[in-house]
Amino acid sequence: WDRWLDDRRPMPVVQPLDGGAPRYLLGGTQLFAGRGFGGVLENEGESLQAAWTPDGTSVVFVATDHRHEGARSEVTYALWRVPAVGGEPVRLTDRSASWTHPAFSADGRFLYAKTSPVTRHVYNLTRLARLAWDSDAKPEILTRELDRSVEDFGLAPDGSRAFFTAEDQGLRRIYSVTADGPVRELGSLEAGSYSGLRVGGTAGPLLAALWESAVNPPEIFRVDAGDGRRTRLSAINVERAAGIDWQPAEHFW
């Protein structure tokens with residue numbers, strides 16, 4: 001299929017805080033009117049994954065302009081930039097790869113995003129990339145040497161590192177990477193999986209994520225950015241799970 005049967009499409013909208021009329025940023029644009037326009041299809045619906053530019057004058061979002069070709073070719077998603085007052089978007093990436101989940105570093109110097117190349121293979125790893133903002137320099141692939149796909153990611157407040165989750169040997173681990181260094185796991189996860197990773201803080205990075213396993217319902221944990229030690233913050237199902245005669249899963253190869 002190449003379209004929703006109700007013909008609805010996602011639209012980025014800016015709502016002034018003074019209560020003025022909302023601005024539909026793609027209204028009247030060639031991109032929005034094109035047959036192949038669409039956002040990223042996710043379980044929750046269709047998303048444009050928009051992010052404000054550091055100066056607040058534009059919005060970067062994710063969309064495709066060739067979904068109508070999906071029956072005979074791979075549909076890729078690009079990064080686009082549109083002024084906050086509306087207007088025709090400018091394409092930032094080409095069709096040699098798909099790009100999703102844009103996020104700016106706190107200092108506004110870099111735009112991070114997930115990317116997957118278009119090749120002759122059916123499946124390609126999803127990498128974490130960094131683009132110098134307002135520069136023509138080529139994107140840096142930060143996880144080029146890692147043979148795993150990047151899932152959730154977040155950025156340290158000082159811009160020194162990026163943190164992300166990736167599935168490895170049946171576990172979903174948390175890793176960190178710098179612009180000029182190797183990918184490193186935080187600690188050494190022996191069981192379970194992390195999801196919903198969030199990174200915040202001011203002086204240093206603070207990490208929070210869900211952790212769960214075959215015998216532990218998901219709870220919220222704080223994860224040490226240095227050694228990966230986790231501290232449980234919620235206890236929604238801990239007591240109930242303790243009363244179940246679980247048979248722990250065994251890892252084997």
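1. Let's start with the lining of the second largest pocket in this predicted model: its residues divide into 10 nonpolar, 4 polar and 4 charged. The pocket holds about 340 Å³ of space. Of the 18 residues that line it, D152, F153, G154, L197 and R198 are the closest to its centre. Two or more lining residues come from each of β9, β13 (150–155) and β17 (193–200), and β13 gives the most, with 5 residues.

2. Next, the largest pocket, with about 480 Å³ of space. It is lined by 24 residues, and the closest to its centre are T93, W99, L131, K138 and P139. By class, this lining has 12 nonpolar, 5 polar and 7 charged residues.

3. Which strands supply at least two residues each to the lining of the largest pocket? They are β7 (78–83), β9 (97–104), β10 and β11 (127–132). The biggest share is from β10, which gives 4 residues.

4. While you have β10 in view, have a look at S116, which is found in this strand (residues 110–117). Is S116 buried or exposed? S116 counts as buried because its relative accessibility is 17%, and the cut-off for buried is under 20%. Beyond its neighbours within four places in sequence, S116 is in contact with A97, S98, N124, L125 and T126.

5. Strand β5 is joined to β6 (residues 58–63) by 2 bridges, the two running antiparallel; W52 has V59 of β6 as its bridge partner.

Notes:
Residues numbered from 1 in each chain as written. Predicted model: local features only at pLDDT ≥ 70, side-chain atom pairs only at ≥ 80, totals over all residues. Heavy atoms only, no water. Pairing = 2+ DSSP bridges. Buried < 20%, exposed > 50% of the residue type's maximum accessible area, 1.4 Å probe, protein only. Contact = heavy atoms within 4.5 Å. 1 Å grid on protein atoms, 1.4 Å probe; cavity = no way out; pocket = protein on both sides within 12 Å on 5 of 7 lines; lining within 4 Å. Points joined across faces, edges and corners; volume = space filled by probe spheres on them. Nonpolar A, V, L, I, M, F, W, Y, C, P; charged D, E, K, R; others polar.
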